[in-house]
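I set down each look-up in the order in which I made it.

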Amino acid sequence: MKKSKYIWLFYLLFWGLFSCSVPAIKEYEEEGTYPDIFPDYVNVTIPYNVAPLNFRIKQPIDQGILCLDGNESSFKISSKEGKFIIPARKWKKLLEKNKGGEITLTVFLKEKVWKRYIPFKIYISSDLIDPFLVYRLIEPGYELWDKMGIYQRSLENFRESSVFENKMTNYNCINCHSFCMQNPEDMMFHMRGRNDGTILLKNGQIEKLNTKTDSTISSLVYPCWHPSGKLIAFSVNKIYQVFYQNHQNRIEVYDSESDIVMYDTEKREVFTSPLLSSKSSLETFPGFSPDGKTLYFCSSDSFPASKISESVKYNLLSISFSPEKQTFGEKIDTIFNSRYTAKSASFPRVSPDGNFLLFTACDFGSFPIWHKEADLNLFNLKTKKYMNMDKVNSPDVDSYHSWSSNSRWIVYSSRRGDGLYSRMYIAHVDEDGETGKAFMLPQKDPDFYDAFMKSYNIPELVKGEIKADSYLISRKVKNASGLKVRYKNNN
């Protein structure tokens with residue numbers, strides 16, 4: 001009994017002497033501004049299951065203290081080299097006790113004398129976010145690359161793991177990963193160049209598909225799964241690049257031809273409609289409604305490849321679809337008309353609750369990821385009104401996006417930091433379509449982004465961890481020529 005008591009006394013003495021203590025501040029000056037921090041987490045809205053929002057102070061400081069105050073839970077931490085690293089357990093407890101409310105963060109910095117900065121809020125939504133985020137990492141220029149891969153990151157902590165890396169298949173291109181209704185077990189992605197083909201992960205099986213047919217203009221390109229998981233809509237495109245010498249945008253990617261087709265995963269058949277494969281139009285970027293009865297897509301008038309210009313603009317359209325009959329409607333509806341908006345639409349994605357349509361709009365063309373003016377647009381499908389996205393967009397590229405499974409969060413890529421590297425941002429969308437201030441994907445080390453020389457590409461939220469075996473995928477990629485896809489003529 002006495003021995004146990006002495007052991008506890010020893011531990012108390014040890015932690016009292018050697019643990020990091022937060023000094024008490026008796027005198028300080030009031031600074032009439034918010035602290036200048038990176039990432040900018042001032043007044044953002046976050047899910048209560050997200051990892052700690054660690055940040056750093058931009059200016060040199062001698063010492064720093066951060067006070068985090070919430071309902072029934074408050075604590076202080078001191079900075080090391082200007083960084084505030086929030087303990088995970090304390091952070092989780094703080095968010096749990098304050099979900100649906102807010103916490104207050106107060107920063108004290110010592111620069112000869114202590115200064116207290118204006119406290120800022122972090123709003124804690126009671127809406128969960130899907131626990132994993134999947135993305136591709138690639139050099140920022142896209143025109144030159146060597147190593148690339150698809151990775152997954154737990155949003156509840158900082159653990160990242162690879163799903164598949166191209167070093168396993170002779171460093172070929174990997175692109176266009178996609179999921180059925182945020183399900184990590186229903187996934188596809190393309191392999192380009194050596195060992196080319198489409199990889200389909202479904203029902204625990206791995207298939208490699210050869211998707212080029214004599215009746216389609218290319219192999220399958222930009223995907224969107226039908227909610228049933230039995231069908232996937234794809235565009236087929238002849239894609240070209242133009243590199244600017246004197247333009248605010250670095251690269252222009254455009255199509256000389258493009259159509260939209262449907263792939264039946266069970267019959268391995270491709271079919272389409274004349275309204276989706278017209279010679280006079282360029283159809284691309286399919287996106288399904290959550291009931292699977294409406295297909296959204298983008299379309300522009302065809303133009304000679306030699307005349308790519310800023311006059312090329314894409315409308316956002318829709319057409320009805322019968323999953324049972326596998327037939328399309330006979331009428332196309334216009335959702336977003338470039339003639340009246342002077343903008344060009346791309347990447348239509350409907351929220352899983354069916355209430356909102358999110359898409360990217362830029363000045364011209366169909367590929368906005370290098371357009372500085374590219375912004376996200378949110379259209380309320382019930383009220384037929386556009387929502388204010390000022391808390392989401394920035395003066396630089398805001399582009400590719402996806403929804404959480406509960407329709408309360410969006411994740412998207414943005415080049416707002418330096419105009420070159422794309423980083424991932426997350427924003428809350430409430431039931432009325434009002435958005436909270438977006439926040440940058442947090443990292444364990446606030447200096448992470450300064451040294452990380454890759455761009456994040458195609459962020460997709462998923463409901464769980466991808467368990468697919470990358471070794472088995474690589475064997476399938478290298479050893480199989482690909483199951484041949486058949487074209488079905490419905491005319």
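With which residue does Lys115 form a salt bridge? I find Glu31 as the partner, with the closest N and O atoms 3.9 Å apart. I count as a salt bridge a side-chain nitrogen of Lys or Arg within 4 Å of a carboxyl oxygen of Asp or Glu. The pair links distant parts of the chain, 84 residues apart: Lys115 lies in strand 9 (residues 113–116), and Glu31 in the loop between strand 1 (29–30) and strand 2 (37–38). Helices (H or I, at least four residues) and strands (E, at least two) are DSSP runs, numbered from the N terminus.

I note the basis of these entries. The model is predicted, so that local features need pLDDT of at least 70 and side-chain atom pairs count only at pLDDT 80 or more, while totals for chains, interfaces and linings use all residues. Residues are numbered from 1 along each chain as its sequence is written, and side-chain values use heavy atoms, with hydrogens and water left out.

**Salt bridges.** My search of the whole structure returned 23 salt bridges. In one of them, Asp445 pairs with Lys83, the closest N and O atoms being 3.0 Å apart. This pair also links distant parts of the chain, 362 residues apart: Asp445 is in the loop between strand 33 (439–440) and helix 4 (448–451), and Lys83 is in strand 7 (residues 83–84). I class residues as buried under 20% relative accessible area, exposed over 50%, and partly exposed in between (1.4 Å probe, protein chains only). Asp445 counts as partly exposed because its relative accessibility is 33%, whereas Lys83, at 15%, counts as buried. Both residues belong to a network of salt bridges that links Arg56, Lys83, Asp445, Asp447 and Asp450.

I also looked up Lys331, which forms a salt bridge with Asp333 at 3.5 Å between the closest N and O atoms. Lys331 is exposed at 57% relative accessibility; Asp333 is partly exposed at 35%.

**Confidence.** The protein chain averages a pLDDT (the predictor's confidence in each residue, from 0 to 100) of 91, and 91% of the residues score at least 70. Over residues 1–20 pLDDT stays under 50. Where pLDDT is low, the predicted coordinates should not be read in detail.

Methods: Contact means heavy atoms within 4.5 Å.
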